[in-house]
Amino acid sequence: MFIGEYSHNIDAKNRLIMPAKFREQLGEHFVATKGLDGCLFVYPMSEWQNIEEKFREIPLTTKDARKFSRFFFAGAAECDVDKQGRVLIPATLKEYAGIDKEVVSVGVLNRIEIWSKERWQDEGTYDDMDEIAEHMAELGLGI
């Protein structure tokens with residue numbers, strides 16, 4: 001399980017230091033792709049394989065399924081962590097997420113989300129959390 005929030009900078013060669021706590025679970029080889037809300041999703045290979053299996057079972061006769069599959073898989077890139085714990089962020093993913101210099105990496109259960117600091121701050125308002133919590137309870141997730 002990935003948890004926590006870490007701030008860091010991306011270097012001039014588009015490399016990002018992956019937090020040590022994330023590297024332990026992520027392994028040396030993983031997948032990064034376009035996420036929702038303007039961030040990147042990062043998955044360990046085992047989790048990525050689970051996602052692939054689920055998508056293989058979705059009928060391609062559904063337009064939304066085809067469109068989401070293209071969004072999710074065409075933007076995906078296999079990534080590696082170097083000996084210094086850095087990851088090269090592909091230019092297309094960096095552009096999609098609006099990443100320039102400052103980055104926030106967030107652990108969200110089975111994935112890591114990588115955000116531009118600016119987007120993270122914009123997204124990080126929790127004024128409506130009571131209402132969201134009620135909807136989550138309706139989905140069976142009461143805390």
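**Stop one: the pocket**

Start with the largest pocket, which has a volume of about 300 Å³. Keep in mind that this is a predicted model.

Select Val 108, Glu 113, Trp 115, Trp 120 and Tyr 126: of the 13 residues lining the largest pocket, these are the closest to its centre.

Next, colour the elements behind that lining. Strand E7 (102–109), strand E8 (111–116) and helix H5 (117–123) are the ones that give two or more residues to the largest pocket's lining. Which element gives the most to this lining? Pick E8, which supplies three residues.

Now colour the lining by residue class.

**Stop two: a pair of helices**

Move on to helix H2 (residues 45–56) and helix H3 (residues 63–74), and show them as cartoons. Their axes come within 12 Å and cross at roughly 160°. Angles over 145 degrees count as roughly antiparallel, so H2 is roughly antiparallel to H3. The crossing of the two helices, H2 and H3, is left-handed.

From H2, select Trp 48, Ile 51, Glu 52 and Phe 55; from H3, select Phe 68, Ser 69, Phe 72 and Phe 73. How do the residues of the contact of H2 with H3 divide into nonpolar, polar and charged? Six are nonpolar, one is polar and one is charged.

Notes:
Residues numbered from 1 in each chain as written. Predicted model: local features only at pLDDT ≥ 70, side-chain atom pairs only at ≥ 80, totals over all residues. Heavy atoms only, no water. Axes fitted to C-alpha atoms, helices over the stretch in contact; angles between N-to-C directions. Helix = DSSP H or I, 4+ residues; strand = E, 2+ residues; numbered from the N terminus. Parallel < 35°, antiparallel > 145°, perpendicular 65-115°, else oblique. Left-handed = near helix turned anticlockwise from the far one by under 90°. Contact = heavy atoms within 4.5 Å. Nonpolar A, V, L, I, M, F, W, Y, C, P; charged D, E, K, R; others polar. 1 Å grid on protein atoms, 1.4 Å probe; cavity = no way out; pocket = protein on both sides within 12 Å on 5 of 7 lines; lining within 4 Å. Points joined across faces, edges and corners; volume = space filled by probe spheres on them.
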